[in-house]
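Trainee: I would like a close look at a single part of this structure, the place where the two chains meet.

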Amino acid sequence: MSTAVKLAEPGAIIFDLASAELRDLNGTLQGLDLTTNQTSWAVLNPRGEHAIAVGITTPVNVTIDGHVGYYCGGMNDGANIIIKGNAGPGVGENMMSGSIHVLGDASQAAGATAHGGLLIIDGNATARCGISMKGIDIVVKGNVGHMSAFMAQSGNLVVLGDAGEALGDSLYEARLFVRGKVASLGADCEEKPFTDEDKTILADLLKKAGSDAAVADFKRYGSARTLYHFHVDNAGAY
Amino acid sequence: MNETSAPHIPQTPPRFSATFDPYTVAEIQRAAATGIYDIRGGGSKRKLPHFDDLLFLGASVSRYPLEGYRERCGTDVILGTRFAKKPIHLKIPVTIAGMSFGSLSANAKEALGRGATAAGTSTTTGDGGMTPEERGHSETLIYQYLPSRYGMNLADLRKADAIEVVIGQGAKPGGGGMLLGQKISPRVAQMRNLPEGIDQRSACRHPDWTGPDDLEIKILELRELTNWEKPIYIKVGASRPYYDVTLAIKAGADVVVLDGMQGGTAATQEVFIEHVGIPILAAIRPAVQALQDLGLHRKVQLIVSGGIRTGADVAKALALGADAVAIGTAALIALGDNAPELESEYKKLGTTAGAYDDWHEGRDPAGITTQDDKLAARLDPVKAGHRLANYLSVLTLEAQAIARACGKSHLHNLEPEDLVALNIEAAAMAQVPLAGTSWIPGKTTGF
């Protein structure tokens, strides 16, 4: 407890989930209005609990001191959440805006279907990272697992490490940037020319994620758009 | 040489094969010409065991009826009493099933909201999100949470009166969807965050959970997102109803929605619609059994759908143990779909009023299953909503008439004991006696 308190920002209100109820935590954070002066919050002893800090609609800072379970920061709309540990499946799912920074690794479906905001994962993310993403920016400093960016619609996925099999399968308009090896590309995903616009976007995201990786070391992938209209001649591609 | 008249030999008329019937032959020819399967809207069109195969016994010496038009027969239903802080109270047990803006026009969605609200019941969003027209005209709106999460956002989630987690639908259990490019208008594209005019696929699996254990956690998240206020429905297509309902309950559902294979879809392969899933008649009793085995019948509510057309269907579904029904295809017909006055336009599309099912093409002359502005403008949402309200009223009055005849003071007092079946198949599926006997196939022996 004392160690955790020290980790919290000065002035932060502390929720210790060893004793506080999840509903009290989420209810309090969801009940904040835009004029609140209490912008710093700390969560202690998350102990892998699910649905921590979901549905916050104010730009407050929430630091979670430990590992979290499923859907941490789900549908976040403005908060800046730091997870000092690993995150379970669906971290930042359907995020609308704000940011989530996972200092450890993330399980599958990180940033799934998210519309906006920034998700930074310092470690690795496993399967289906950015699945059906709809505008979010995701930066993974390690590797991503198979089927990442499956049916990704828009936004940017940056992978500093390697990508697993079937990257970007059935991709729509999301941009994928990978520095390491790609095990294989999914249906209708192809390497794209690296435009100046791409380079600007990537440089900005790397800067926001605190990475000094060189833009020139990345390859850019996107949709070949051959499956945008169903045609029987493409049936073998699925 | 004597002229003799040739003996008259009777000719047999051309005989069509029962196996290779004219429709089947035409389908083979169509497939051979195109190399692609047939896609259409709607639900199963083949003859299936259905509510028509059941009859109510009515009251006589051993049962005491209620006076028609005089004695009260309640129709209301409360949904979401298990965990939600704010259960839904509807005046009638007939709800409007989920149908998307995208597959339907904005006017059609508005009309559904208007009609449902006038009748005191709920309507439901679909794949594609919630429109202001729909929310504004729907007193009680159920927000579907689908695998694609098109249009899903926190603000709309909190505006909903309940959340329906869609796992499947009766027309295509295990299948996703495809909205063809001609229906991806600028507005639909913007709501779904997709390029205009492309064929848009709806996933068949949720992106961030797999299986009932994960679903339980997903429901926890949805409740935490909405202050535990809103009832959580889980919708499944009828295939393994006993196990699916059991798992839905285990995952924490307040309400289970069970959709039979007659339930409609905006667009799916004909072969999928006709050959995957089971009729709603066969699904209700196993679902109710699952609820009863867990001691949660009437505590977790059951909504059934797929082929509900009349008040008799409503009454039969409730008698078999459902708490409410949902209608989709019938609601569209009430709005004006397949209206005979549009026959000349249906003919131009190669079909006829009553059979039009190419809802995916977006050329609906009734202005319902389209995103074409000119076609959509043909549907007056006020008048169409009024027609739907009328129809909902008739369904309710018919169900009440039957319930009173069975001596029931509320539609929920109808029970399997009020029913018999006209054939062995229906008796086995509905688990009610074959008419004139006490035989329930699979349950009892002898007559």
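How many residues does the contact take from chain B, and how many from chain A?

Mentor: This is a predicted model, in which local features need pLDDT of at least 70 and side-chain atom pairs count only at pLDDT 80 or more, while totals for chains, interfaces and linings use all residues. Residues are numbered from 1 along each chain as its sequence is written, and chains are lettered from A and ligands numbered from 1 in the order in which they are written. The contact takes 23 residues from chain B and 36 residues from chain A, where two residues are in contact if their C-beta atoms, placed from the backbone, lie within 7 Å. On the side of chain B that touches chain A, the most is given by helix H6 (residues 211-225) of chain B, with five residues; helices (H or I, at least four residues) and strands (E, at least two) are DSSP runs, numbered from the N terminus. That side of chain B divides into 12 nonpolar, six polar and five charged residues, with Ala, Val, Leu, Ile, Met, Phe, Trp, Tyr, Cys and Pro counted as nonpolar, Asp, Glu, Lys and Arg as charged, and the others, Gly among them, as polar.

The buried residues of H2 (residues 22-30) of chain A are A:Leu25, A:Asn26, A:Leu29 and A:Gln30, a residue being buried if 20 or more other C-beta atoms lie within 10 Å of its own, exposed if 12 or fewer, and partly exposed in between, with C-beta atoms placed from the backbone. These residues cover an arc of only 115° around the axis, which puts them on the same side of H2(A), the arc being that of the directions from the helix axis to the C-beta atoms.

Elsewhere in chain A, seven of the seven residues of strand S7 (residues 134-140) are buried, so S7(A) is largely enclosed by the rest of the structure.
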